[in-house]
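Keep the 3D view open as you read.

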Amino acid sequence: MYETLTFTGGVHKSEEMKELIEDLGGFILQENVLQMELVLNMAVPLNDVEKVKEKANELLATLTVAPMAGSEIAIVSPTLARHHLPHAACDISEYLREFGAKDNMIGLARGDGKGTSGISEEEKQLIEEHDVAVFALGSFETCIKTKAFLYDDINIPVIVTGAPDIPVEELPGADEYVGGLGRIPRRLRRGPDIRALDQLVETIEKVLNNKKREMNLDPPLVPSIVVKNAIENQVPEIAEVISPTPVTSQLDGVRVKLDYDKYHESIENVIIDGRKLSEISEIKKSKMYDYILVKIHSESSLIEDSN
């Protein structure tokens with residue numbers, strides 16, 4: 001088992017932390033350099049967390065638990081038009097990243113107004129490629145309730161946000177609801193806004209932890225971070241990708257930011273514990289930029305195959 005942590009400190013001597021993570025059998029999930037500050041999202045064995053804390057103290061850095069690291073979250077807005085974006089949805093996205101989240105913003109094609117809003121099958125499939133979906137809706141209770149059809153058959157956990165307080169039982173298909181985050185024509189920087197964002201963070205962490213507990217009943221054949229590390233070491237083209245996190249970890253797989261038609265065979269032939277990746281996972285074309293999506297089979301799939 002691994003603990004996901006965020007290291008925030010200076011670039012100077014940061015190689016010592018990276019070497020320690022490697023020596024402990026851990027993995028770097030994401031690395032960002034902001035001028036002279038380094039932010040590392042990492043996964044380290046539970047038994048070695050104290051060693052990482054000691055090294056962080058030695059480097060005068062901070063180390064925090066990042067329960068969202070290693071997951072991918074969809075921030076869904078009814079439309080990309082100005083009356084839905086950028087303020088609320090963008091600020092939600094920015095805030096979640098401070099807690100280790102890797103999120104993608106998705107604007108639906110027909111979201112403006114109760115009478116014309118809609119969601120296509122392809123948009124649903126794109127959303128379902130993520131671990132959790134956050135639907136950032138508006139300020140009116142009737143509008144939020146009317147638009148429940150946008151997510152009532154999404155097959156991943158759904159968290160809805162809006163301005164009013166609404167019991168989640170009144171929103172079919174929603175797993176959780178967080179109020180205080182409606183359409184606001186300014187940045188979310190005031191006290192009530194920050195408290196609502198903190199509530200959203202707690203809600204996402206709860207939903208992710210519940211999903212992890214369910215997965216532990218029938219876990220993936222190998223951890224997704226092991227797959228991520230193997231792809232980065234065995235597919236040289238990954239080093240040429242300029243997009244952030246070219247191999248993005250999910251709870252049950254990874255998203256590889258290479259074109260499926262050109263590179264899917266290279267990904268299929270990655271070797272993990274003596275087996276090809278294609279033997280222990282489903283590898284398909286993503287709805288996002290034709291990237292490669294890898295979903296790792298669960299342990300119960302071995303029993304099914306043997307039968």
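Strand β11 (residues 253-256) and strand β15 (residues 292-296) run antiparallel and are joined over four bridges; two strands count as paired if DSSP finds at least two bridges between them. Within that pairing, V256 has I292 of β15 as its bridge partner. Helices (H or I, at least four residues) and strands (E, at least two) are DSSP runs, numbered from the N terminus. This is a predicted model, in which local features need pLDDT of at least 70, side-chain atom pairs count only at pLDDT 80 or more, and totals for chains, interfaces and linings use all residues. Residues are numbered from 1 along each chain as its sequence is written, and side-chain values use heavy atoms, with hydrogens and water left out.

Now zoom out to the sheet around that pair. It is an open sheet of four strands in the order β10-β11-β15-β14, with antiparallel pairing. β10 (247-250) and β14 (281-285) sit at the edges with a single partner strand each, so one side of each has no neighbour in the sheet. On average, neighbouring strands are turned by 15 degrees against each other, direction ignored.

Next come the helices. Helix α7 (residues 224-234) lies across β10, β11 and β15, running at about 170 degrees to β10. Axes here are lines fitted to C-alpha atoms, for helices over the stretch in contact, and angles run from 0 to 180 degrees between N-to-C directions; contact means heavy atoms within 4.5 Å. Helix α8 (residues 260-268) packs on the sheet too, touching β11, β14 and β15, and its direction makes about 170 degrees with that of β14.
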